[in-house]
Amino acid sequence: MSRRYGGNRAATGILVIADITALILILWIAFFLVNANTANDVVSWVRHAADWLSGWSRDMFTIRSDNWRTVFNYGLPAVVYLLIGHAVAGRVGRA
């Protein structure tokens, strides 16, 4: 991965953080859609992390379907973190 940005460790670090952030949000969406047991420690941790990461966009969309509302309210920040993270990593990698 570090070859992509000429071995720039800062760019690689930014990419990893953006990707992990998006992964946590996407994982919560998947857990919600399959009705994962929220009493489970892993599911609970992912839920709380996703809530914290999506705090700025939570309840932005008021869709009646719980499934679609979760996809939009947690999917939007995942996409934003990926886009911004990869854009910043690209800039840092060129510097």
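What follows goes from a pair of helices to the loop between them and then to a single side chain.

The model is predicted, so local features need pLDDT of at least 70 and side-chain atom pairs count only at pLDDT 80 or more, while totals for chains, interfaces and linings use all residues. Residues are numbered from 1 along each chain as its sequence is written, and side-chain values use heavy atoms, with hydrogens and water left out.

The axes of helix 1 (residues 9–33) and helix 2 come within 9 Å and cross at roughly 120 degrees; helices here are DSSP runs of H or I with at least four residues, numbered from the N terminus, and axes are lines fitted to C-alpha atoms over the stretch in contact, with angles from 0 to 180 degrees between N-to-C directions. Helix 1 is therefore oblique to helix 2, given that angles under 35 degrees count as roughly parallel, over 145 as roughly antiparallel, 65 to 115 as roughly perpendicular and the rest as oblique.

In contact terms (heavy atoms within 4.5 Å), T21, I24, L25, L27, W28 and F31 of helix 1 meet V43, W45, V46, R47, A49, A50 and L53 of helix 2.

In the loop between helix 1 and helix 2 lies A39, which counts as exposed because its relative accessibility is 62%; buried means under 20% relative accessible area, exposed over 50% and partly exposed in between, with a 1.4 Å probe and protein chains only.

D51, by contrast, lies in helix 2 (residues 41–53) and counts as buried because its relative accessibility is 18%. Leaving aside neighbours within four places in sequence, D51 is in contact with R58 and Y74.

Notes. Helix = DSSP H or I, 4+ residues; strand = E, 2+ residues; numbered from the N terminus.
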